[in-house]
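We will go from stop to stop, selecting as we go.

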Amino acid sequence: NCDDQLVSALPQSSFSSSSELSSSHSPGFARLNRREGAGGWSPLVSNKYQWLQIDLGERTEITAVATQGGYGSSNWVTSYLLMFSDSGRNWKQYRQKESIWAFSGNANADSVVYYKLQHSIEARFLRFVPLDWNPNGRIGMRIEVYGCTYRSEVVGFDGKSCLIYRFNQKLMSALKDVISLKFKTMQSDGILLHREGQNGDHITLELIKGKLSLLINLGDAKTHSSNAQINITLGSLLDDQHWHSVLIEHFNNQVNFTVDKHTHHFHAKGEFNYVDLDYELSFGGILVPGKSGMLSRKNFHGCFENIYCNGVNIIDLAK
C-alpha cells in the first residue's frame with residue numbers, strides 16, 4: 001500500500017522551478033486540485049527548457065504521479081519527462097522499456113491524469129520537464145506524487161575496507177542462495193562481493209570498466225572441464241554515481257543474474273550444485289588478497305544499500 005500523497009503536505013520551500021510567470025504563478029501553487037494564486041505553476045517563457053521540481057526531504061519510494069493544468073485556464077502540459085535525483089544536482093531520467101519515456105499529459109485545465117509507474121523510483125528530488133503544451137495557451141501544471149517512506153540501510157567503502165558475513169550453517173540450504181544489494185560509485189573498478197572455497201572454487205562479482213562481471217570458478221581440480229569457469233557481464237556506465245540494483249539467485253545449477261531489471265539466466269554445468277564454498281561472504285573487497293591469484297583487483301570505493309543474503313539484512317546486522 002505504497003500510495004500516500006506526498007506533495008499536498010509539503011511546505012512552499014519544497015517547490016522550485018526554472019522560472020515563474022509572476023509571483024502568483026510560483027511553483028508553490030502547483031499542488032493538485034488547489035486554486036490558490038493563479039491556480040498553478042507557469043514559467044516566464046513556455047519552452048522546452050522549463051522544469052518544476054519538488055524536494056521530498058528524504059529518499060522516498062515513488063509509485064505514481066498525477067498532473068493537472070492551471071485552474072480554469074488555457075494552460076496545460078500535453079507531454080512531459082520525469083527526472084529524479086538524490087542530491088538535486090545529478091539527475092536521471094525515468095525510463096520504461098529501455099527508452100526515455102515521455103508521459104502523456106493533460107487535454108484540459110482541470111481533469112487529473114494519473115500514472116502508476118511500471119517500476120517505482122527511489123529518490124529525494126523529482127523534476128517534471130514539459131515537452132509539449134496547449135498551443136493556444138502556455139505551460140501550466142499542478143501535480144501530485146504518490147509513494148511511501150523508503151527504508152534504507154547504507155554503508156560506505158573507502159577502497160581499503162570490506163564487510164564480512166558468516167552464514168549460520170544451520171539455516172543454510174546448500175542448493176539455494178539469494179543475494180541482493182544496491183550500489184553507487186564514481187570508480188569504474190572494484191570488487192562488490194567474493195566467496196571462496198577450500199578447493200579454489202569461488203564466486204566474484206566485480207565492477208570492471210563500469211560493467212558488472214559475475215565470475216564463477218569451479219576450482220582448480222576441475223579446470224580440465226570447459227565449464228569450469230563462467231563469466232557473465234551485464235550493464236555499462238555503472239560508475240555514474242546513481243544507485244544500481246543487483247540480484248544473484250542460485251538454485252541447484254540454475255543461476256539468475258540481474259542488474260537494473262536486466263536478467264541473464266544460465267545453467268552452470270558440471271558440479272556447481274555441489275560447489276565447495278565457505279559459509280563466508282565478503283562485500284567490497286577480499287579479506288586475504290591473492291588467495292585466488294587476484295592480488296591486482298581493487299576493493300570497492302562507494303556506497304552499498306540494503307544488502308540482503310538469503311533474507312538477512314547484512315548492514316543492519318553489522319550496525
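The tour starts with the whole chain and then visits single residues.

**The whole chain**

Bear in mind that this is a predicted model. Show the protein chain as a cartoon. How many helices and strands does the protein chain have? It has one helix and 23 strands. Now colour by burial. Of the 319 residues in the protein chain, 49% are buried. Switch to the surface view. The accessible surface comes to about 15,400 Å². Carbon and sulfur atoms hold 49% of that surface. Think about contacts too. Take those with a separation of 6 or more: 71% of them join residues 24 or more positions apart.

**Stop 1: the disulfide**

Select C2 and C148. A disulfide joins C2 to C148, with 2.0 Å from S to S. The structure holds one disulfide. Where do its two ends sit? C2 lies in the segment before strand 1 (4-5), and C148 is in strand 10 (residues 142-149), so the link ties together parts that are 146 residues apart in sequence. Look along the S-S bond. The angle about it is -100°, and the link is left-handed. Are C2 and C148 buried or exposed? Both are buried.

Next, pick two other cysteines. C162 is partly exposed, because its relative accessibility is 27%. C309 has a relative accessibility of 1%, so it counts as buried.

**Stop 2: the nonpolar cores**

Select F183, L212, F257 and F283. These residues have the most contacts inside the largest nonpolar core, which has 34 residues. Zoom in on F283. Leave aside residues up to four places away in sequence. Among the residues F283 then touches are F157, C162, Y165, L181, F304 and I314. Now select F15, A30, F84 and Y94. They are included in a second, separate core of 26 residues.

**Stop 3: H242**

Go to H242. This residue is in the loop between strand 17 (229-234) and strand 18 (244-251). Is H242 buried or exposed? H242 counts as buried because its relative accessibility is 11%, and the cut-off for buried is under 20%. Show side chains here. The side chain of H242 makes a polar contact with the side chain of N90, at 3.5 Å. Which residues is H242 in contact with, beyond its neighbours within four places in sequence? They are N90, W91, K92, F183 and K184. You have met F183 already, in the largest nonpolar core.

**Stop 4: N134**

Move to N134, in the loop between strand 9 (113-133) and strand 10. The backbone oxygen of S74 lies 2.8 Å from a polar atom of the N134 side chain. Not counting residues up to four places away in sequence, N134 touches S74, W76 and T78.

**Stop 5: two positive phi angles**

Finish with the backbone. Most residues other than glycine have a negative phi. Select N33, in the loop between strand 2 (15-17) and strand 3 (52-68). Its phi is near 65°, a positive value. Then select D260, in the loop between strand 19 (254-259) and strand 20 (262-267). Phi of D260 is positive too, near 50°. D260 counts as partly exposed because its relative accessibility is 23%.

Methods
Residues are numbered from 1 along each chain as its sequence is written. This is a predicted model: local features need pLDDT of at least 70, side-chain atom pairs count only at pLDDT 80 or more; totals for chains, interfaces and linings use all residues. Side-chain values use heavy atoms; hydrogens and water are left out. Helices (H or I, at least four residues) and strands (E, at least two) are DSSP runs, numbered from the N terminus. Buried means under 20% relative accessible area, exposed over 50%, partly exposed in between (1.4 Å probe, protein chains only). A polar contact is a pair of N or O atoms within 3.5 Å; within protein, one must be able to donate a hydrogen and the other to accept it, and residues adjacent in sequence count only if both atoms are side-chain atoms. Contact means heavy atoms within 4.5 Å. A disulfide is a pair of cysteine sulfur atoms within 2.5 Å. Accessible areas come from the Shrake-Rupley method with a 1.4 Å probe; for residues, only the protein chains shown count as cover. A nonpolar core is a set of buried Ala, Val, Leu, Ile, Met, Phe, Trp, Tyr and Cys residues joined through side-chain atoms within 4.5 Å.
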